Amino acid sequence: MADWVEACAVDDVEEEDVIRFDHGGRTFAVYRSPDDEFFATDGYCTHEKAHLADGLVMDDIIECPKHNGRFNYKTGAAKGAPVCVNLVTYPVKIEAGKVMIQI
Amino acid sequence: MTTMAKKRDYSLVGESTRRAIETGLASAEWYHTDVPRKAMKELMQRSDGPAIRDTVIWLAAIVGSAAGIVWFWGSWWVVPFLFVYGVLYGSSSDSRWHECGHGTAFRTRWMNDVVYHIASFMLMRNPVQWRWSHARHHTDTIIVGRDAEIAVMRPPDLLKAALAFTGILDFRYSLPTLVRQAFGSLSEEEKSYIPEMEQHKAVVAARWHMAVYIATIASAIALGSWIPLVLVGLPRLYGTWHMVTTGLLQHIGLADNVVDHRLNTRTVYMNPISRFIYWNMNYHVEHHMFPMVPYHALPRLHELIKHDLPEPNPSMWHAYREVWPVLLRQLKYEDSYLKRELPPTARPYRGEFHEVDMSAAAE
């Protein structure tokens, strides 16, 4: 059974931005979309080991800082070379001003 | 320790490859200058405006100079038009290919893709193959046995480097490569960096390129004129010199097998015309450290992080004068390289990068 884990406070993530969250030896990326929704994915790009949290959020897209590979962070879908493998996404909920992700 | 006891093997599937993977040089963690997230976010922001403006100017200049070639064909007045058209087609296409390949030139993805494919065609580069080779270049910049885009290997082949300015060698390599790929054959090296699921796309792209070249040759024969070939294909020869002049400076003579772009990459101040042709890739350390920053924001990035970078070369001439003796030394002693000095405000290089034994070079 997956656990809900507190990743950060709502205010820790700016609108249309991403932050890194490490937990249990793993790394995740927590996103806040331009329409103020929260999402979570694995923290590393599926192409090479680069932290997506150093990348750029544009609308529904996270662009990897290393090779500019793009994913839809809401669905995890890879959007073309050099990324071919989708990102794993995680359910998110907001509780008392905290962003919770189900890992 | 970065000294290489054996002769360098630049194959991507050979001894150097194995060693780079074993020693952790492949896909390593690279040095980055600290930049606050807020500032970096601002620098990374995409915009269609600057690239649309520059692309309209670029295409208008291409069409205008092509019209001049057609109009003045047969007279000496054609020469300046050939000069301009050649550089726009054979050189500035490289920076368009590069920036649009990164997806940073335009905010809108399809605009990047359209310009990327046009520029790839002009350069006789398979757009699929080169997208992947460039990804590797960024992962393993000047790591011997890993980087598919090392322009001048060690010991340097100076004749080959000189011929590069004419485009002959590139032409001789690129065209047969496209033909081979169009027949469905990818080399082992190409397969080493193009994922299997993308390989068929490389074949299809090569077939499209070849179809256009065949149509161009057919129209030249039908018209009984060289003009179609002078406009399509041959500029890769007569217009490539500016791309080589600027591009060679990116890494030539600097360290290899290090994981700090300040050591293996060069920033050179250039005149505004070259910067337009080159789309600011003269800020090359900055580009490699932060490939997410679009070309039009590189001067701002440079201002922000220059305290942590080696002093840029003040001109292309200065950079070539600096590198020439190093190339001559490398003919005798291939481990020789130019170490970039850091300003006192910079974070130091990792110690082991200083420890290459240079005694033989001094003999």
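Mentor: Let us start with helix 11 of chain B, in which Ala202(B), Ala205(B), Ala206(B) and His209(B) are buried; please keep in mind throughout that this is a predicted model. The spacing of such positions can be read against a general rule: an α-helix has 3.6 residues a turn, so residues three or four places apart point the same way. The cover over the buried residues of helix 11 of chain B includes helix 6 (109–122), helix 7 (127–139) and helix 9 (168–182) of chain B. Helix 11 itself takes in residues 196–223 of chain B, 28 residues in total, and from its first C-alpha to its last it reaches 42 Å, which is close to the 40 Å expected at 1.5 Å a residue. Just after this helix comes Gly224(B), whose phi is positive, at about 60°.

One of the covering elements, helix 6 of chain B, has a packing partner of its own that deserves attention. Helix 5 (residues 92–102) of chain B packs with helix 6 of chain B at an angle of about 140°, and their axes lie 8 Å apart; the crossing of the two is left-handed. On the side of helix 5 of chain B, the residues involved are Ser93(B), Arg96(B), Trp97(B), Cys100(B) and Gly101(B), and these meet Asn112(B), Val115(B), Tyr116(B), Ala119(B), Ser120(B) and Met122(B) in helix 6 of chain B. Sorted by class, this contact between helix 5 and helix 6 of chain B has six nonpolar, four polar and one charged residues.

Helix 11 of chain B also leads us to the other chain. The contact between the chains takes 17 residues from chain B and 14 residues from chain A. On the side of chain B that touches chain A, helix 2 (37–44), helix 7 and helix 11 of chain B each supply at least two residues, and helix 7 of chain B gives the most, with five residues. By class, that side of chain B has seven nonpolar, six polar and four charged residues. Finally, strand 9 (residues 92–95) and strand 10 (residues 98–102) of chain A pair in the antiparallel sense over four bridges, with Val99(A) in strand 10 as the bridge partner of Ile94(A). The hairpin of these two strands of chain A has two residues between the strands, and there Ala96(A) takes a positive phi near 50°.

Conventions
Residues are numbered from 1 along each chain as its sequence is written. Chains are lettered from A and ligands numbered from 1 in the order in which they are written. This is a predicted model: local features need pLDDT of at least 70, side-chain atom pairs count only at pLDDT 80 or more; totals for chains, interfaces and linings use all residues. The expected span of a helix is 1.5 Å times one less than its number of residues. A residue is buried if 20 or more other C-beta atoms lie within 10 Å of its own, exposed if 12 or fewer, and partly exposed in between; C-beta atoms are placed from the backbone. Two residues are in contact if their C-beta atoms, placed from the backbone, lie within 7 Å. Axes are lines fitted to C-alpha atoms, for helices over the stretch in contact, and angles run from 0 to 180 degrees between N-to-C directions. A crossing is left-handed if the near helix is turned anticlockwise from the far one by less than a right angle, and right-handed if clockwise. Ala, Val, Leu, Ile, Met, Phe, Trp, Tyr, Cys and Pro count as nonpolar, Asp, Glu, Lys and Arg as charged, and the others, Gly among them, as polar. Two strands pair if DSSP finds at least two bridges between them.
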